[in-house]
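Visitor: Hi! Could you walk me through this one? I'd like to start with how the helices cross.

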Amino acid sequence: MVEGRSENSGPPVWRRLFHLTVGSVIPVVGVFAAELVMVTGLALLTVGGFALDLARFRLDWLNRRFLRCFSPILKTDESHRITGATYMLLAALVVFGLFSRTTAVASMLFLSFGDPVAALVGVRMPGPRVFGKSPGGTAAFVAVTWIVVGVLVVSGVTEFHRGLLIGGVVAALVELAPLPLDDNLTVPIAAGLAMHVLGV
């Protein structure tokens, strides 16, 4: 679901709203759900997501119906590749399965809030681009992740740890970098790994 931030095209509104909503539901549920329930649920959803994608690649009628139903929230090339939503589910399964609850919740919220804001800000920012993206969008990504950290601390979900702030920076830099894998996968896992190493 992540798109490059270019000067000439903005992110589709429905796609960003879907990204924000679904990406936020997962970590919010993760705050309250038991670890086993969370991991099991994410595993089932992830398997289902990959199964649907693989099935539609083989069945043209299924792919056409899928694209007709979900075209407002899909990128053009997702007609023939794994969707960003499926990668997001896989990332959630990895971070909730490998890292602490705090790390997993924070890393998924960094993605769900940081990416849409970076796209909205970056596409409107004049000036030079880095890897085709605006540094202003990356700065907005970092700012949003720090706000997320503040909300998590103030709401009592977690205690403050500097590793949370660093994790937000890592998430923003990974989103900026021209990596071959989908950002919905790389951003949460990289941020989660950084926070895990720092003892969050």
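Guide: Happy to. A crossing is right-handed if the near helix is turned clockwise from the far one by less than a right angle, and left-handed if anticlockwise. Helices here are DSSP runs (H or I, at least four residues), numbered from the N terminus. This is a predicted model, where local features need pLDDT of at least 70, side-chain atom pairs count only at pLDDT 80 or more, and totals for chains, interfaces and linings use all residues. Residues are numbered from 1 along each chain as its sequence is written, and side-chain values use heavy atoms, with hydrogens and water left out.

Visitor: Which hand is the crossing of α6 and α7?

Guide: Right-handed. Their axes (lines fitted to C-alpha atoms, for helices over the stretch in contact) are compared by angles from 0 to 180 degrees between N-to-C directions. α6 and α7 pack at about 150 degrees, with axes 9 Å apart. They are therefore roughly antiparallel to each other; that term covers angles over 145 degrees.

Visitor: What kinds of residues make up that contact of α6 with α7?

Guide: T138, F141, V142, T145, W146 and V149 in α6 meet L164, L165, G168, V169, A171, A172, E175 and L176 in α7, where contact means heavy atoms within 4.5 Å. They divide into 10 nonpolar, three polar and one charged. Ala, Val, Leu, Ile, Met, Phe, Trp, Tyr, Cys and Pro count as nonpolar, Asp, Glu, Lys and Arg as charged, and the others, Gly among them, as polar.

Visitor: And at what angle do α2 and α3 pack?

Guide: About 120 degrees, with their axes 5 Å apart. α2 and α3 are therefore oblique to each other, the class left over once under 35 (roughly parallel), over 145 and 65 to 115 (roughly perpendicular) are taken out. α2 passes α3 in a left-handed crossing.

Visitor: New topic: which residues touch the most other members of the largest nonpolar core?

Guide: I26, L42, F96, M108, F110 and M195, out of 32 residues. Such a core is a set of buried Ala, Val, Leu, Ile, Met, Phe, Trp, Tyr and Cys residues joined through side-chain atoms within 4.5 Å. The largest share, eight residues, comes from α5.

Visitor: What does F110 touch beyond four places in sequence?

Guide: Its partners include F141, T145, V149, L164, G168 and M195.

Visitor: Is G114 buried or exposed?

Guide: G114 counts as buried, because its relative accessibility is 0%; buried means under 20% relative accessible area, exposed over 50% and partly exposed in between, with a 1.4 Å probe and protein chains only. G114 lies in α5 and, leaving aside neighbours within four places, is in contact with L109, F141 and V144.

Technical notes. Helices (H or I, at least four residues) and strands (E, at least two) are DSSP runs, numbered from the N terminus.
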